[in-house]
Amino acid sequence: MKRVFLFWVLVSTLVFANDYEFSFDELETIETKSYEYSGYIEGEYKYQTLNKNSPLYPSKNKNSQNSYFTELFFNYKYFLDKYTFNLDLLSNYENIDQNEEFQTIISQGFINYKYNENHQIYLGKKTPKWGKGYYINPIAFIDRKKDPNDPEGAREGFTQINYQYNKVLDGSLKNISFDAVYLKVTKDINDYFYNENDSDILAFKTYFLYNDVDIDLVYLYNSDNEDKFGFDFSTNIQSNFEIHGEYGIFDDGYYSYLLGLKYLTESELTILSEFYYQNEVQSNSTAFWDKKYFVNSFTQKEPLDILYTSLYYKNIFNINDKSHQNKVGILYSGIKNLDIDFSISKNIGNDISEYGKKLVDENFWLRLKYSF
């Protein structure tokens, strides 16, 4: 019954919404390229002091380790009539204390067919990026988890068929869109979701723009597993003050939610705060596995009027065991297309806490990123 009800909530709004028509007759004809590309090349060096009390501390006697990381990301789009071909290539090399790892993947690779302004379909490997949270997303049911140290980094998508419907409206309800996503799950396709009891996945998302409030309703169906429900929202209280939130729940009783805000002061200090809660502890091999976290970041643009420079501080606090990770850094972007980022981070907590028992105690991190 609940599946039928939620499906009605997701779809019925589309049936009763009024069409909004607009003409392109008066638009100028603009010559556009048939393709475009972008990407970045990134290099990192880390000098890390080690925590001898960590259960991960190696048997050999050493106080520190060196880490090197390089990454190449390349995006290519080709446009042909109503079709768009999108390809994202991600290649990286990592060397941690002489242990090397290299991989090259297609993080996204799909074809988009846009039938008209209202209907389009995607076929291939794609990252939906569901949710409003910056560091974690309780409703990102068909996305890989974010890395809290690089939440905006490229992530590998999943092979899917994604139908999208969009309608622009007059009135308080300004826009509505609908996503229907199908994922085939086997040992070889979308194996991230695979286990012996799993079947293929259907996921739905309905988006509303009501006045100045963004709202998403989401639902995931898997016949051999628990259904998942969720919603999110975001809105601007003022032009410089935004709040957002997410809530997700599974049929087995597990639920999680996030509340956050982003505030820009007159001195161009950006404050981002998020509280995350889940009612059950998860695998401690993942980020945010404990029950309660509070994340705060502060970014000051051009401190002391130093052009092209930003100073930042971030704290991830495990409320349950009182351990936390602190990171302070400076970013310089005065050279065209090049970002130079230097930071120092430290894990603090007792020997049995999440951050107190991590192998790395202090981390000195230099990153250069060239975008094109």
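Colleague: Leaving out residues up to four places away in sequence, which residues does G109 touch?

Modeller: G109 touches N86, L87, L123, G124 and K125. Contact here means heavy atoms within 4.5 Å. This is a predicted model, where local features need pLDDT of at least 70, side-chain atom pairs count only at pLDDT 80 or more, and totals for chains, interfaces and linings use all residues. Residues are numbered from 1 along each chain as its sequence is written, and side-chain values use heavy atoms, with hydrogens and water left out.

Colleague: Where is the place of G109?

Modeller: G109 sits in strand β4, residues 99-114. Strands (E, at least two residues) and helices (H or I, at least four) are DSSP runs, numbered from the N terminus.

Colleague: New topic. Which residues touch the most other members in the largest nonpolar core?

Modeller: I142, L183 and I201, out of 13 residues in that core. Strands β7 (173-183), β8 (201-210) and β9 (213-221) each supply at least two of its residues. A nonpolar core is a set of buried Ala, Val, Leu, Ile, Met, Phe, Trp, Tyr and Cys residues joined through side-chain atoms within 4.5 Å.

Colleague: What is I142 in contact with, leaving aside neighbours within four places in sequence?

Modeller: I142 is in contact with P128, W130, F158, V181, L183, F193, I201, A203 and L220. Another core lies apart from the largest one. It has twelve residues, among them I136, Y254, L258 and F288.

Colleague: On to salt bridges. How many does the count come to?

Modeller: The count comes to 15. The rule is a side-chain nitrogen of Lys or Arg within 4 Å of a carboxyl oxygen of Asp or Glu. One of them joins the side chains of D232 and K132, at 3.1 Å from N to O. D232 lies in strand β10 (residues 228-238) and K132 in the loop between β5 (119-126) and β6 (158-168), so the pair ties together parts 100 residues apart in sequence.

Colleague: Is D232 buried or exposed?

Modeller: D232 is buried, at 0% relative accessibility. K132 is partly exposed, at 23%.

Colleague: What about D216, which residue does it form a salt bridge with?

Modeller: K205, with the closest N and O atoms 3.6 Å apart. D216 is in strand β9 and K205 in strand β8, eleven residues apart. D216 and K205 are both buried.

Colleague: Which residues are linked in a network of salt bridges?

Modeller: E42, E44, D341 and R367. R367 also lines the second largest pocket.

Colleague: Which of that pocket's lining residues lie nearest its centre?

Modeller: Y134, D150, P151, E152 and R367, out of 35 lining residues. On a 1 Å grid over the protein atoms alone, a pocket is an open set of points where a 1.4 Å probe fits, with protein on both sides within 12 Å along at least five of seven lines; lining residues have an atom within 4 Å of a point.

Colleague: Which strand gives the most to the lining of the second largest pocket?

Modeller: Strand β15, residues 309-318, with four residues.

Technical notes: Buried < 20%, exposed > 50% of the residue type's maximum accessible area, 1.4 Å probe, protein only.
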